[in-house]
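Reader: I would like to go through this model and ask what the labels rest on. Please give the value and the cut-off each time.

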Amino acid sequence: MKSDLFASENMAQQATAPGMSLQNAKSVKYAVNGEMHARQGSMIAFRGNLQFERKGQGIGGMLKRAVTGEGLALMAVRGQGEAWFAHEAANCFIVDLDQGDVLTVNGRNVLCFDATLSYEIKTVKGAGMSSGLFNSVFTGYGKLAIICEGNPIVIPVTAQEPVCVDTDAVVGWSAHLDTSLHRSQSLGSMIRGGSGEAVQLRLQGEGFVIVRPSELTPTKPSGN
């Protein structure tokens, strides 16, 4: 049987070392030897002796059920084998965190991560509880796979040049940045119907912010 489908770049190869790697631009391969964590429903294939367990917040090292504004829920993957993860054909990127690094990521953009990483769900500082802005703050050492609809834009942030981003477009940012809500629309504009860009997240300090090239989540076609 012959086809471009069987080109070498499409063929899954046996892992040579445990851990995370890109299978291609749209999926992540993880050679599991122990435990790792992933968003629920993101596993697309696996081989070997693996167990997938939805975990809730609790004692005894149980994995937190992280519920953000986007409703991210996580699962533990345990055993020995290989698993592939993806989400709606979004682009995948692997971030390697060293001890001392801190990265805050929008819950909807988390795909999977090493069990050596710690995370905590926090309200975005300066935004207030009523804003509904919650992010996952990752610390420790290990790899984190994030997803993005389209090609992300990484914008440097400095104290002299703060950056304002649409709250629906932001993927994540270096966690030492100061955050606040910024209103760029005048009262007169709001009275006339508004520009659609009333409030943004303002970041200031030294670091970077990652945004996706869309402020809207793609809508799945109805099955009716």
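Reader: Why is S42 called buried?

Author: This is a predicted model. S42 has a relative accessible area of 0%, and buried means under 20%, so S42 is buried.

Reader: Where is S42 found, and what does S42 touch?

Author: S42 is found in the loop between β2 (27–39) and β3 (43–54). Leaving out residues up to four places away in sequence, S42 touches M75, W84, F85, A86 and L111. A touch here is a contact, with heavy atoms within 4.5 Å.

Reader: What does L111 touch?

Author: With residues up to four places away in sequence again not counted, the contacts of L111 include S42, V28, F85, C92 and I147. L111 is also one of the residues that touch the most other members of the largest nonpolar core, along with V28, M36, V77, F85 and C112. That core has 17 residues. The elements that give two or more residues to this core are β2, β4 (74–85), β7 (110–114) and β10 (142–148). The largest share, five residues, comes from β2. A second, separate core of 14 residues includes L117, Y119, L144 and V171.

Reader: Why is C148 called buried, but C164 partly exposed?

Author: C148 has a relative accessible area of 2%, which is under 20%, so the label is buried. C164 has 36%; that value lies between 20% and 50%, so C164 is partly exposed.

Reader: How many disulfides are there, and by what rule?

Author: The count comes to zero disulfides. The rule asks for a pair of cysteine sulfur atoms within 2.5 Å.

Reader: What makes F113 and Y119 an aromatic pair, and why edge-to-face?

Author: The count of aromatic pairs comes to four. F113 and Y119 form a pair at 5.7 Å centre to centre, with 70° between the planes. The centres must lie within 6.5 Å and planes over 60 degrees apart count as edge-to-face, so both terms apply. Both F113 and Y119 are buried. Ring pairs link F113, Y119 and F138 into a cluster.

Reader: How confident is the predictor, and where is pLDDT under 50?

Author: The protein chain averages a pLDDT of 82, and 77% of the residues score at least 70. Over residues 57–71 pLDDT stays under 50, and the model has 38 contacts beyond four places in sequence for this stretch. Residues 186–196 are also below 50, with six contacts beyond near neighbours in sequence. Where pLDDT is low, the predicted coordinates should not be read in detail.

Terms used:
Residues are numbered from 1 along each chain as its sequence is written. This is a predicted model: local features need pLDDT of at least 70, side-chain atom pairs count only at pLDDT 80 or more; totals for chains, interfaces and linings use all residues. Side-chain values use heavy atoms; hydrogens and water are left out. Buried means under 20% relative accessible area, exposed over 50%, partly exposed in between (1.4 Å probe, protein chains only). Rings of Phe, Tyr and Trp (its six-membered ring) pair if their centres lie within 6.5 Å; planes under 30 degrees apart count as stacked, over 60 as edge-to-face and the rest as tilted. Helices (H or I, at least four residues) and strands (E, at least two) are DSSP runs, numbered from the N terminus. A nonpolar core is a set of buried Ala, Val, Leu, Ile, Met, Phe, Trp, Tyr and Cys residues joined through side-chain atoms within 4.5 Å. pLDDT is the predictor's confidence in each residue, from 0 to 100.
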